[in-house]
Amino acid sequence: MKVPAGQPVVVTQIAPAKMTLAEVRAKLDGKTGRRFWKNLDELAETPAFHELMREEFPRQAGANEWVDAVSRRGFLKVMGASLAMAGLAGCTKQPDEAIFPYIKQPEDLVLGKPMYFATAYPFPTGAIPVLVKSDSFRPIKVDGNPEHPMTKGKSDVFTQATLLDLYDPDRSQHVLHRGQVSSWGEFQQAFATAAKKTSGGQGIYFLSETITSPTLAAQWKQVQAAYPQAKLIQWEPVNQDSSRAASKAAFGSYTDAQYKLEEADIILSLDADFLGGIGHPGFLPLAAGYAERHRYEEGKTMNRLYVVETMPTVTGFKAEHRLALKPSEITTFALALANGAAPQGATAEQQKFFAALSSDLKNSGGKCVVIPGEQASAAVHAAAYALNSALGAVGRTVIYTETVNPMPSEQVADLKSLVADMKAGKVQWLVMLGVNPIYSAPWDLGFRDAFANVPVTVQLASQVDETGAISNWHINKTHYLESWSDVRAYDGTISIIQPMIDPMYGGKSSHDVLQALLADPQQSAYDVVVANAKTYIKGDFAAGWRKALHDGWVEGTAFTAKAGGAGKNAVASSPAAAATSGLEVSFRPDPSIYDGRFANVGWLQELPKQVTNLSWDNAAIMSLNTLADLKLDESDPVKISLNGREVIAPAMMIPGHPDGVITVHLGFGRGVEAGRVGQGVGFDAYQIRTTDGLLSVSGATAKKVPGTYDLCITKVHNIEHRGSFAQHDLEKPLYDKEGVYSLAGHEAEERSIIRYATLDEVKKNPNFAHEGGASGTLIDKVGYSPQGETIPKSNSFFPDAWNYEKQDPSTLKIQNAWGMAIDLNSCIGCNACIVSCYAENNIPVVGREQVKVGRNMQWLRIDTYFEGDLHAPKAHFQPMACQHCENAGCEQVCPVGATVHTPEGLNTMVYNRCVGTRYCSNNCPYKVRRFNFLLYSDYDTESLKFMRNPDVSVRSRGVMEKCSYCVQRIEAAKIIADKENREIRDGEIVTACQQACPTSAITFGNINDKASKVAKLKAEERDYQVLADLAFRPRTTYTAGVINPHPELA
Amino acid sequence: MATKGPMQDPIVDPMIDPRTGEYAVIAPGHNFKSVTQKIAGIVLTSNTPLGWFFGLMVGGGVAMGVVIGCTWLFLKGVGIWGVTIPGAWGFAIINFVWWIGIGHAGTLISAILLLFKQTWRNSINRFAEAMTIFAVVCAGTFPLIHVGRPWLAYWLFPYPNTMNVWPQFRSPLAWDVFAVSTYASISIVFWYMGMIPDFGTLRDRATMPLAKYFYGILSLGWRGSTRHWIRYESASLLLAGLSTPLVLSVHTVISFDFAVAALAGWHTTIFPPYFVAGAIYSGFAMVITLAIPIRKFYHLEDLVTLRHLDNMAKVMLGTGLIVAYGYGMEVFMAWYSASHWEFFMMWNRMFGPMGWAYWILILTNITIPLTTLWSRKLRVNVTYLFLLSFVINTGMWFERFVIVVTSLYRDYLPSSWGTYRATKWDYMIYVGTMGLFTFLFFLFVRFLPMIPMSEIRMMLPQTKITRGGADAETVSKETA
């Protein structure tokens, strides 16, 4: 039972009688609320306050409470603090009392000046060390920790979005017992008492999310010491079982792999979406390493990426060569590659791919690497181990280390045994830590039925979700930004998680739950972490601890290669792919909401997904041929039947998807439990997922059901012609006679929006981006402007309208001229920049219906263009935001002058002046302006108010908005430079998108400073303007891509 | 007039002027009194026809669409419409251009035809002018409500303010403000001034004290003295001179909204003449739509004769041909310019997902009217003309739809291509303005003289003064 918002949230703060005054004081210590009274005593002594308190908390204020060990005065103090925190939590109405400013200002706080703290975001595949921007003690931006050797300041979609997750208004705010508001103390007591009654913890089971915290593992050891019969099982719907099983077979113990892509000339991904996001372990270093070697520079060997995959991903489309195979075929392919023989029954095209790949791998001299995907079968992992070992890659481009998870396990097997125990009535207490098995467990386990067999079920979760709703106890979980812990990252480095904000709704972490069974149940997570940190912080602990907190990581904790080297070849013992019949179904974590944990994060739901550009939806994704075979059109609802279970999903075609397989993404189709954002979005693919087919399964059938379902896709070209191609025009395509083409992709090349060349071509003509002639530049083919690409200056009435060398009249200095360069070779289309932009610029979420009609508000989008035959296309990614044209069309047509140019070349929006004629958008050839058609900004939800960046206005209805080049960051840098009486240094201003970009594809700076990075990039021959012939002179330019295809496959 | 013999003159219709073979502008048999009685009788009658009440009610009821639509619009924002990115303009702008275009015929009739001394215009100019004003009212609603923050729409006007902020004068939308407001004010003044002599007549003939008072105020003390007439005539000429450039300039400026932009399909120099011609085309169609039922309902066939319909149909034929030339030139230039943008825009306009709109436009604006209006038979066929006027105005609406929507929804970057789907609110407000127009027009025909009595009287044979005792002014009038 959820308690409606508006209810006071402080009850759980009042501990039962045994709480001492000292503890109360300790709890209060350092508490800071949003409203600040002169001091709490003064507040607590006023008669008005007594009255208010009686009204608000009759139970606590009742006379019987006065005899408690907590003195009356102390009690009121707690109440006062709680009220102050109620203000903090923002779930009560604003108090009527006058609010005073600080009398004693907190020491570190300068209002308006943000502070930065290092912490880490725990994720099953390894933590992401982050640096959190905090304004008045509210976290307002999460970015990668620049000092961390792994993240180097970069981040990803999920990490960025954890900010909104923290302020999610649907987070649970209370401990609930059978739906009634209870308290942590009551639970603690009940749990500890019950545990003591068992014989050695018999019947106490923990079901935890994947553990990456050394301290939690240490705590579990202590619990086991006290209760040897208690059990802890880790389970997540998206897990690493394949790699666990394969590594156990190859190495004898569970092992993680670390890849060094900066060393690899040839990369083969076996269904590994290592450029897609942190769902793949080590996304950040892998993406950075890949991009580093994929940059085209004179005298540098470019890497070459081969991808064999099912669902078309950004990794696949970044690859020089991509082979689309069914999951079962990928296993066959990998085993064949490991055995050195071409797979049986391969097509000519596959044979060619196989031959080129094999020769490349062999000739690389060990400078190659094979990466198996976490969603690939164990056999693929075994093949990858064998290949890396045979090719001499181990120790060079890959090392094998102990696992990031201190307690690695094969999760499905464990879950099966747990369910068996539950059914057998062996489970007395089931304590679920951060998992939602009712929603996500494979259906064939019958988890829900077994659940009913358990006398006491407890769930620690941040929301009262599907499991919480039917558990006896629900404990509200703290967010990682509110709690103490420690975690390991991909490379093994330990980071301390430190809270950025007081728990907004109280809340407890897994540490607290385990601690409840130990000798000192009141010990805080902080103490536990400090105690355990002593095992890995070497030297002077106090100094080491401070350094660890400051740096965000503990030196010397990274993993080193495990003894045992390459492991033994376990390929022979790996099961070959089973013969398949019927359609295969491949289950994938969603690129935006993962396994469903981000279902209530609006930024991620609305984010156009990689490659598909789906927003607010998932779909049954299939190829053109499969769509035609099943007699479907896009948006048709299709019933997928698998082992007697059915789910209805909208059909969607994605170019490059293999035939005979349907990919579905997990995490959707949730009910009200998901919260106000996540409920009713998409369909629930867990409904047809079984323990045997967690990754993929064959034998499915798909049939059209009547009706239609309007998919929500942000790029209309994806839907408008593709479906009709598939159905009606396969024989005679509408626009191009040669094959099945994407009209939009075709036009993107015709219009020279996308330009690229192969390595050979760029060597022949480095200026291919302007002179054409390369395979990906058609300038010579289409003269859409009679003058060619660039309009001669003499054609303009104002040839010198933009003078770069403009002097500032007051300082007589040459003014800055801001510009941006985006390297299309490096852009991997991962979307991290968009979410970063969301957080930085207070961009509203508009919802499914609005996105469907094209009103999504992202200032930045990743344009995806498919090139060539849609059965096996290439794709190109292009980040597109306001281009800050020097000769901007938008500025000339605004009737009120609401969009104007600054002397430094920014095209700025004056929100206050905008009346909303939308003429500017019509005249923008890049269509990067976004309009508040309705009141999109959420002015009402209290918790979201804390999240906003105070340096950026929250736009109201009827106002146009767009990318500002993060003008607030430019101004902040100017102020600092002014105070220090110096020029702004190159690289000092980092835009939000640039900051997040894992591959450093975006460069921003002063193009008047010829030594700046951006000026140098713009001086390169490959630098080009999109739509140059319109003479808008955009300040954002793109560096044309260079690909390195195998000569035989080119 | 008929001659005897086998070669019987086909012209036996009393409405046909034997000298010219044309239809007479006024049916024979009218004198000063009959004209005055007929026209003033409509206004001063105490027996308001029931049909009038019915029409007013229907018009008013439909006009509620504007009220309801705008209320919801002001509460929620322009997002209730189908506008989006990339199609940030939709029905509001289409309707605005359409209504303004319709208004143009009234000004053309009252100003340019006056200067060209086309006396046939006299019978229709009053209600054509009224149509102009009501069309401008409908049109003027749209730019104000289509902005995102309508409560700040006054920022488009150059008003002195403490912030010293002015409109951005390079923007065609700022020019629109001047064009439309000038147009509205001149049209109202011209219309009102033309009615002053008639108000005098009504004042004199009114029996009800309220009507006497009302028309007395409106007539501004008109006594019909020669001095009044002299001033009246010269003021008419002056205002006609002022209005004449407006006929050309207003729609030219509105075409700049598109022509100045950098969008393929908008960015074209042919827009000003082609918009003006289109405006007159649709305006005359609307005059016909109004004239035919009015002359039938109020039995004004002898004042608004087939001659008028025939002439208006000829104007439509002429302007329609200019419009057709414009369409042809657009296609030709798309090819001849060798510009990929233009070429793709035209291809997409014709064969893209919204190609149907283009072909409706060609059918209704070009094919149907321009093949049939050559026939005199059809030009004087009242039923046909009435239906055709609807066809043409549908076509003209689609012309603006094609220009606004099909240029926008697939522009330069294929990634931002979208589509446009109007919502029920779009339709509600659009249909609502038609109701508003009808409502205002019904009020007009009931309370104001819809045909200028004074000007009709001047056209009667009785004003032909025989030599000796001729009044100089009326002679000059007649010889014209």
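Where in chain A is Asn613(A) placed?

## Backbone features

In this predicted model, Asn613(A) lies in the loop of chain A that runs between α22 (602-606) and β20 (620-622). Its phi is near 60°, which is a positive value in a residue other than glycine. Most residues other than glycine have a negative phi, and most peptide bonds are trans.

A further backbone feature is found in chain B, where Ile85(B) and Pro86(B) are joined by a cis peptide bond. The omega angle of this bond is about 10°. Pro86(B) belongs to the loop between α2 and α3 (91-115) of chain B.

## Extent of the interface

The size of an interface is often given as the accessible area lost when the parts come together. Between chain A and chain B, the buried area is about 4,900 Å². Carbon and sulfur atoms give 57% of that area. On the side of chain A, the residues that lose the most area to chain B are Arg751(A), Tyr919(A) and Arg957(A). Together these three residues make up 15% of what that side buries.

Counted by residues, the contact draws 61 from chain A and 60 from chain B.

## Polar pairs and contributing elements

There are 35 residue pairs in polar contact between chain A and chain B, with both residues at pLDDT 80 or more. The side of chain A that touches chain B receives two or more residues from each of several elements: the helices α24 (717-720), α26 (743-750), α31 (889-893) and α32 (919-922), and the strands β27 (861-867) and β31 (930-931). Of these elements, α26(A) gives the most, with five residues. By residue class, the side of chain A that touches chain B consists of 32 nonpolar, 13 polar and 16 charged residues.

One salt bridge is counted between chain A and chain B. Its partners are Asp411(B) and Lys927(A), whose closest N and O atoms are 2.8 Å apart.

## A nonpolar patch on chain B

On the surface, a nonpolar patch is formed by Phe54(B), Val58(B), Val62(B), Tyr427(B) and Val431(B). Together, these residues have about 450 Å² of accessible area.

Two helices of chain B, α2 (50-76) and α14 (424-447), each give two or more residues to the patch. The largest share, three residues, comes from α2(B). Val431(B), one of the patch residues, is placed in helix α14 of chain B.

Terms used. Residues are numbered from 1 along each chain as its sequence is written. Chains are lettered from A and ligands numbered from 1 in the order in which they are written. This is a predicted model: local features need pLDDT of at least 70, side-chain atom pairs count only at pLDDT 80 or more; totals for chains, interfaces and linings use all residues. Side-chain values use heavy atoms; hydrogens and water are left out. Contact means heavy atoms within 4.5 Å. Buried area is the accessible area (1.4 Å probe) that two parts lose on being put together, summed over both. A salt bridge is a side-chain nitrogen of Lys or Arg within 4 Å of a carboxyl oxygen of Asp or Glu. A polar contact is a pair of N or O atoms within 3.5 Å; within protein, one must be able to donate a hydrogen and the other to accept it, and residues adjacent in sequence count only if both atoms are side-chain atoms. Helices (H or I, at least four residues) and strands (E, at least two) are DSSP runs, numbered from the N terminus. Ala, Val, Leu, Ile, Met, Phe, Trp, Tyr, Cys and Pro count as nonpolar, Asp, Glu, Lys and Arg as charged, and the others, Gly among them, as polar. Patches are made of residues with over 30% relative accessible area and no salt bridge: like charges are joined within 9 Å, nonpolar side chains (Val, Leu, Ile, Met, Phe, Trp, Tyr) within 5 Å. Accessible areas come from the Shrake-Rupley method with a 1.4 Å probe; for residues, only the protein chains shown count as cover.
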